[in-house]
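Please read it alongside the sequence and the coordinates shown here.

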Amino acid sequence: MKLNLVYLLLVISCVSVYAFQWPVEDVVIISTFGESEDNQFVKGVDIGGDSQDISPIDQGELVFYSNQGTSPLDIPSGLGTYVIYQHKNGIRSLYGCLEAGSINTNQKQVDLSDTIGRMGSTGSAVGTMLHLQVIDTEFEKYINPLLTLPLLVDGSKPIIDEVYLITEEGKQVINPGKIIKSGVVGLSADIRDLSYGAGYYCPVSPFSISLFINGENLVNINFESLKIKDNKMILQELEGISHDELYRDKWEFYLGEFELNPGDVMVEISVKDFAGNEGVKIFPLKVME
Amino acid sequence: MKVIKRFSVMLIFITYFFVFGQQLPYEITYIPLWVEDLKMADVVVGNSEQSPESFRLNGKYGYLCNNGEITYMEDLLYGVAIDGNGFISYSRQNDVLVIRDIDGRFLNTIELTGYPFFSGDRRFVISYDKNQVSEINNIGTVVWQKTFSSSITEVSATPSLVFIGNVDGKFSLIDSMGEVAFSYTAKTSRINAVYGGSVSENGDYILTVSGIDPQLISLWSKNSDGYRVDASWSIDKELRRHAVTGFSEDGLFAFIEAEDELFILEIRKAKLNSVKITGRLQSINFPGSGEIVHVTGRDEDGLYLIAIETSGNQLFYTRLAGTNSMFIRDQNKIILGIDNKLIGFDMESM
């Protein structure tokens with residue numbers, strides 16, 4: 001019941017802000033919002049595959065562009081050749097790693113059918129791609145672009161590989177039925193979603209992670225927006241999780257510290273992707289004195 | 001009668017000099033001294049008595065003296081941050097950055113991902129997504145780190161302050177301890193963004209280029225509360241890319257690279273002079289009052305070199321055959337780089 005409600009809310013929220021168009025025709029997601037890359041959260045989505053022309057996600061006005069390599073006096077940029085447009089309601093979109101010289105800098109106002117550039121491999125890109133960001137300038141936050149774009153067909157559910165117990169003695173894999181000592185323990189899990197396109201599956205970040213212990217929902221991590229708090233980029237505005245707090249490795253998510261009391265303990269991890277596919281892993285544990 | 005005649009002649013002379021008297025135009029002579037081809041140049045490591053200047057040109061970087069002697073040279077991997085104290089050569093993606101001295105000797109490593117950037121004799125690393133700047137000290141550790149809620153459009157430093165501009169219209173001055181000495185978010189234009197900016201060496205002035213509709217060049221001066229706008233000018237032909245800005249070496253002037261224009265600002269008079277340029281700036285040398293400003297740039301037709309007075313008066317303009325340029329001046333010694341060629345000149349002005 002609870003899961004259905006969450007899914008319904010997710011669909012409603014998607015529909016309500018379902019305003020923009022995909023900037024390319026063939027969408028192959030290779031990195032998702034909130035993923036760990038270069039010890040930072042990915043602040044948008046990366047679209048891979050063959051090079052394609054790019055259109056703006058909405059009508060807008062050119063705010064800023066940078067053509068890689070045109071002046072040695074410009075600051076270096078991992079975004080390579082990139083362009084930023086202003087849309088309605090304080091929303092801006094950024095298109096990075098474009099083909100050098102492909103951006104149309106003369107056209108200040110753009111429409112949905114206009115070509116604004118072409119996917120490339122400038123900046124820190126290691127292959128042909130488009131790095132797309134959606135920024136809410138009024139609330140000074142990065143929004144998961146998937147919340148603003150048409151839903152993609154996705155038939156695969158997120159994968160939860162190993163789950164780890166972190167104690168003073170170190171990190172150990174936990175298996176169902178494992179006997180552990182009571183006390184405060186940390187939990188982390190190897191989690192990834194899979195994005196299919198261009199003939200292969202690409203590991204990407206999920207959209208939400210929840211942890212239940214004995215049925216009590218103790219952790220909810222949603223990859224909806226990123227905001228600055230205390231000089232750090234954080235996921236979720238209320239609780240606020242920084243990159244270093246969340247990631248122990250590229251795909252290992254730290255879920256927090258919990259007090260486990262003696263007895264039978266049921267640990268449940270639920271992971272959803274943006275399309276609502278859910279992966280669940282349940283561990284009955286025996287906690288001893 | 002004779003006295004009247006003599007007096008009349010003197011009066012005519014005096015009147016002439018008062019009315020028509022003006023400064024004679026500059027006459028500059030560039031005497032070529034040497035040419036060095038980077039493809040065939042010999043590298044004389046640590047064999048020079050002069051302190052070499054850093055250079056980056058056409059896929060190569062290194063150090064050279066004003067007699068043309070190259071003391072260190074390497075091929076560019078992907079990029080290089082280089083100044084008179086050392087360099088960091090970097091590839092497209094790096095987990096570790098290596099700081100080397102002017103002879104290429106290993107000094108330290110920096111465990112940060114991003115691209116290094118040197119300014120004002122200081123070392124910074126800008127994250128790939130341009131949301132974070134870290135200052136690095138000589139032993140490779142992070143002195144401070146600032147994360148921003150929008151892309152960084154400008155980083156420009158003096159030994160005591162760093163100007164950081166963002167695409168959301170915010171700019172900040174960070175002191176050497178990493179504390180925010182001043183910050184401001186422009187909200188006076190229809191679209192807010194910082195396109196360029198810098199701070200003067202003594203920290204008395206800030207120069208910003210910000211906004212669309214209107215786009216403003218603003219000169220800020222320091223007061224007891226921080227900084228306030230002394231003067232601002234609206235730019236007719238708005239630019240939507242990075243605007244290179246800076247102060248002259250003597251701090252009396254500033255320059256702003258606009259769209260098809262280079263503005264020279266006389267700070268004390270708050271007077272903006274304009275010079276027509278095309279394309280993008282590749283280098284600018286601006287010693288200050290009474291000195292010639294040299295600019296190299298590139299447009300669709302190729303390279304050019306311009307020499308101008310601080311009044312904006314253009315002394316000469318010449319096209320150069322090539323695509324990449326650099327310009328170094330040390331007193332009357334000039335090094336002009338065009339693609340693989342470095343040419344040394346003596347400059348004589350009358």
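Across the interface of chain A and chain B, the rule finds 4 salt bridges, in what is a predicted model. One side-chain pair that meets in a salt bridge is Asp129(B) with Lys43(A), at 2.2 Å from N to O.

**The interface between chain A and chain B**

- In the contact between the chains, 38 residues of chain A take part together with 45 residues of chain B.
- Between them, chain A and chain B bury about 3,600 Å², and 51% of this area lies on carbon and sulfur atoms.
- Polar contacts between chain A and chain B, counted where both residues are at pLDDT 80 or more, come to 27 residue pairs.
- On the side of chain A that touches chain B, two or more residues are given by each of strand S3 (40–41), strand S6 (60–66), strand S7 (81–86) and strand S8 (91–98) of chain A.
- The largest share of that side of chain A comes from S6(A), which gives 5 residues.
- By residue class, the side of chain A that touches chain B divides into 18 nonpolar, 13 polar and 7 charged residues.

**A sheet in chain B**

- Chain B holds an open sheet of 4 strands in the order S21-S22-S23-S24, with antiparallel pairing.
- Its edge strands, each of which pairs on one side only, are strand S21 (245–247) and strand S24 (271–276) of chain B.
- From one strand to the next, the twist averages 20 degrees.
- Strand S22 (residues 253–258) and strand S23 (residues 261–266) of chain B run antiparallel and are joined by 6 bridges, and Ile256(B) has Phe263(B) in S23(B) as its bridge partner.

Definitions and conventions: Residues are numbered from 1 along each chain as its sequence is written. Chains are lettered from A and ligands numbered from 1 in the order in which they are written. This is a predicted model: local features need pLDDT of at least 70, side-chain atom pairs count only at pLDDT 80 or more; totals for chains, interfaces and linings use all residues. Side-chain values use heavy atoms; hydrogens and water are left out. Contact means heavy atoms within 4.5 Å. Buried area is the accessible area (1.4 Å probe) that two parts lose on being put together, summed over both. A polar contact is a pair of N or O atoms within 3.5 Å; within protein, one must be able to donate a hydrogen and the other to accept it, and residues adjacent in sequence count only if both atoms are side-chain atoms. Ala, Val, Leu, Ile, Met, Phe, Trp, Tyr, Cys and Pro count as nonpolar, Asp, Glu, Lys and Arg as charged, and the others, Gly among them, as polar. Two strands pair if DSSP finds at least two bridges between them. Axes are lines fitted to C-alpha atoms, for helices over the stretch in contact, and angles run from 0 to 180 degrees between N-to-C directions.
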